[in-house]
Amino acid sequence: MTTRRMLMAAAGVLAVATAFGAAPAFAQSKQVLKAADVHPMGYPTVDAVVSIGKKLEAATNGRLSIQMFPSMQLGGEKEMIEQAQVGALQFARVSVGPVGAVVDNLNVFNLPFVFRDIAHMRAVVDGPIGDELLKEITDNPKSGMIGLAWMDSGARSFYNKVRDVKSLADLKGLKIRMMGNPMFVDTMNALGGNGVPMQMDQVMSAMQTGVVDGAENNPPSYDSFGHVPVAKHYTLTEHLIIPEILVFSRKAFDAMSKEDQALIMKFGKESQLEQRKLWDARVVVAMDKIKAAGVNVITIADKKPFQDAVKPVWDKYGSKYTALVKRIQDVK
Ligand code: BDP
């Protein structure tokens, strides 16, 4: 055998051994884990994952670390999920919105007004329901993902560049970008506007060119995606309270040693409360910036007309999740 062929044969044996998890020496080799987020450095979700990387480095003497790809560098969230599924990306921090398309029960969190408020959402994700749904992602053989932690994304509200929205009637006819899950488009349509599904990487130009009149998001995202100067009417409808989720590639996870897997699970879970602290501080800063930019921030004293209007969405999607919804409502 030539040296080259011998080397190739050796590499083949090692590849097989690694695939079966039988190469402890290789499980110990240096590994840079890729992480992606649509948000920029400094955003609470991004910083929380960077902090997981620091902990991994400290715990493994630099053997495991994280390289962060922020600001949609690896595409939108649909692409990030696909990359995690094939193992090209290890950590993906995404909204539950697009994960619902892969693991159906998660869609319960995508129902409009399913939570009473943000505190209610937190109590649910911190409790047994949150744990069960993370496990469902992990156990679902088709998901290709491990559910590590929930993160906070506050409440989503509408902004647009046309007019102040003070009541349902003002939403009529406005073209509003929604995340790509039919439940969201139906929600917007039920509220009287026109829901336009689109990934975040296209929203800015769509607003500038008038393909859409606005979008909906929490204050930190509205600010950090640079949408404030373009769409200066913000109405705190808080129609969707959708948690964020941190997932890990199942393929990459299965190739790791048990010890490394335990570190990923532990530090992943710890990031849930760490991100929340960063989040709360960021909401205050974002709201100040939004107001300082001259945005008219409108509060809706009585949300009942909005809640009544989305009944068709609940009729269409809610029945599948009746038992789970009841458990969510029972969480104090
Ligand atoms: C932000 C979420 C992000 C979503 C984005 C969106 O943090 O995960 O991609 O909304 O609307 O609030 O697409």
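Q: How does K289 count at 47% relative accessibility?
A: Buried means under 20% relative accessible area and exposed over 50%, with partly exposed in between. In this predicted model, K289 has 47% and therefore counts as partly exposed. D223, at 15%, counts as buried.

Q: Which residue forms a salt bridge with K289?
A: A salt bridge needs a side-chain nitrogen of Lys or Arg within 4 Å of a carboxyl oxygen of Asp or Glu. K289 forms one with D223, and their closest N and O atoms are 3.3 Å apart. K289 lies in helix α13 and D223 in helix α11, so the pair ties together parts that are 66 residues apart in sequence.

Q: How many salt bridges does the structure hold?
A: There are 24. In one of them, the side chains of R93 and D37 meet at 2.8 Å, N to O. R93 belongs to strand β3, while D37 sits in the loop between β1 and α3, 56 residues apart. R93 also forms a salt bridge with E244, again with closest N and O atoms 2.8 Å apart. E244 is in strand β10, 151 residues from R93. Both E244 and R93 are buried.

Q: What is the order of the strands in the open sheet?
A: The 5 strands run β2-β1-β3-β10-β4, with mixed pairing. β2 and β4 stand at the edges, each with a single partner strand, so one side of each has no neighbour in the sheet. From one strand to the next, the twist averages 25°. Strands β1 and β3 pair in the parallel sense over 2 bridges.

Q: Which strands does helix α13 touch?
A: Helix α13 packs on the sheet and touches β1, β2, β3, β4 and β10. Its direction makes about 25° with that of β4.

Conventions: Residues numbered from 1 in each chain as written. Predicted model: local features only at pLDDT ≥ 70, side-chain atom pairs only at ≥ 80, totals over all residues. Heavy atoms only, no water. Pairing = 2+ DSSP bridges. Helix = DSSP H or I, 4+ residues; strand = E, 2+ residues; numbered from the N terminus. Axes fitted to C-alpha atoms, helices over the stretch in contact; angles between N-to-C directions. Contact = heavy atoms within 4.5 Å. Buried < 20%, exposed > 50% of the residue type's maximum accessible area, 1.4 Å probe, protein only.
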